[in-house]
Amino acid sequence: MSDSKVLHLVIRRIADWSLWSFFTEVRVIGGEHVPLDGPIIVTATHHNMMIDPAILSSKFPHRRVLHYWSKATLFANPVLSWVLHSSGNIPVDRKSKNRQDLFRGTIEALARGDAVALFPEGTSYTEPRIMQVKDGAAWAALEYTKWAAENGVKGPGVRIIPAAIVYTNKSKYRSSVIMTFGEPVSMDEYKEQFFSDLEGAPRAAAKRLTRAIERELVEATINAPDWDTLYSARMARDLLWEDERSIDLEEFVTISQTLVDLFSTTDATANFSTVRRHLLGYYSLLQSTNLTNSVLSSLPLPPMLSPSHPTPLPSRLLTLSVLIRDTLAALTRLPFFLVPLLLHTPVYVMGRIGAGLVEHEEETQAQNKAVFGLLSCMMIYPATFWALWAMLWYTGTGALVAAFTVWAFAYYHNRLINGTLKRVIAAWRVLVGVWAPRRWELSMSALSQYTTPLVPPENPWIDKNRANSSTPGASSGTLRSLPTQFADEPPVKIAPRRRPSSRRIMKHLLRARGEAVKALAGFLTTLEASGDGKNVIASIHLAKRFGWVEENSPTSSTDDGRDGDALPDAKGYRRAREVIAFLRARGAKIATLDRKIEGDWALSSDDEGTPGDSEKDEEDLVWMPSSTGLKQEED
């Protein structure tokens, strides 16, 4: 770092605290690809607003200071200029038609051996795939390479470091993040063409480099042709790995992309459409109730019942007593849990308010939750410290005790909030829903609005021409390697819908879970029994690792971000049996999937208690225990 970046260090420390509080883990993969020093341009995915640069700066290997682009006009004011420089920003004159002037600040930073970080997608958005990668990063890297050659600059040349930031659930509190750094992209392959005097050669070199960056980002992220495919794959993943933490984060992207590819194969089985409908229905009901399959599968259950012989409970009073007993047992084993929970209640309230302001902007919800929560903590923690210190007579020892107590409350709360509170609340919501008389249930017509997953609205800042050229099934672009059996999606219209009450929808949710489990179990069993002749679609990079690639005649790539070179139209495939073996080897509970309904509320009637049955069926509710009982969070 060539000069002091005081504000950058302060902001990064605040980001450290905020990320530690909001996320369970930020896993960094490929950190060895980031050089300790020397000029680099980091090209990162951008799907979560301010959270993306916070994660990138906070967890960047070697704690190198990252410099981000800002409008050159903002640097006109001396005070604001110091603030921007001190926080690591560099000016970009976007009105300049001379690229050397446009990237002057970038070239100066790279000449000092600094690290520049860019988001080549151009905007933060929520889509089922990477929609666009613009060529600003490629032009900046090549222009610096040309400048360095003209000015006789010695030392290592600039390299581009792709950085893919993937969220297990980007708007969910206490979820996880995977940040993967790809291998450095050298300019050696592109500079000769860029330096050429031939007309269009520099532009063609920049486009080729942009495609290389795009390819690296696509291979390190999860990309689906449409929302239904992505949601189906997510739901299948959650059913196969009930414990959210049981998936190795090192394998999370590969597992998720494998499932996306699997559910992109529309002819995988004869009942594919039915399977996907059940998965989407269950996913939508979870989405509507703000519950997760992980929480539902780990509710407190009575140990006196046999999992292989479901028996109706003698009375609802016994059900209530068992739940109260297990709830109290959980809380008594956590004697310091309630105090930190009460202390952090304003944080949750403010976070909910912040998320509610951008209800249909998923990429902004986490940002608002983190910012609102951080501001609340900045008021709560000092106030708690001063209150405790006052109780200890403002002594030196009292200050140390008060500071340690506040830190312990925050640490203890973050470690235990993941499972305990969510499971207790979910258990009581299930109880209320199951206890409710059948006449309170939503009718099938009223339920229909909750069985179709909500999808985010389109982002107006996405270049539709560029996005369409990268859509699966297009003749060119890096994303042509994705599954190709779906057409472009129609415009999304978001219709507001209220969260249904537990008493009206809980039985529907539990029925949907049973149907989804059975459908997925049958789907995977059929695939496994289909023999070696059954193939499924695979993304190109996964097909190269686990299957094979078939290349058809080259297609011409033309304007709008392409250089006109002939590109092979490739399709990837994997054996269906290999895919099942791949999932099982990474912990998927395929063999016991059809028995996963054990340990949850179920309906004992053969028709799963379809609304409209006799009132007698209301008492046919059974409670089937898992072998684990109440799961406690040890970590």
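Biologist: Which residues does Phe523 touch, not counting residues up to four places away in sequence?

Modeller: Contact means that heavy atoms lie within 4.5 Å, and by that rule Phe523 touches Leu262, Phe263, Ala268, Thr269, Phe272 and Val275, leaving out residues up to four places away in sequence. This is a predicted model, in which local features need pLDDT of at least 70 and side-chain atom pairs count only at pLDDT 80 or more, while totals for chains, interfaces and linings use all residues. Residues are numbered from 1 along each chain as its sequence is written, and side-chain values use heavy atoms, with hydrogens and water left out.

Biologist: Which residues touch the most other members of the largest nonpolar core?

Modeller: In soluble globular proteins, nonpolar side chains tend to be buried together. A nonpolar core is a set of buried Ala, Val, Leu, Ile, Met, Phe, Trp, Tyr and Cys residues joined through side-chain atoms within 4.5 Å, where buried means under 20% relative accessible area, exposed over 50% and partly exposed in between (1.4 Å probe, protein chains only). Here the largest core has 62 residues, and Phe263, Leu279, Tyr282, Leu520, Phe523 and Leu583 touch the most other members. Helix 21 gives the most to this core, with 12 residues; helices (H or I, at least four residues) are DSSP runs, numbered from the N terminus.

Biologist: Is Thr289 buried or exposed?

Modeller: Thr289 counts as buried because its relative accessibility is 0%, and this residue lies in helix 11 (residues 272-289). By contrast, Ser448 is partly exposed, with a relative accessible area of 39%, and is found in the loop between helix 19 (444-447) and helix 20 (464-469).

Technical notes: Helices (H or I, at least four residues) and strands (E, at least two) are DSSP runs, numbered from the N terminus.
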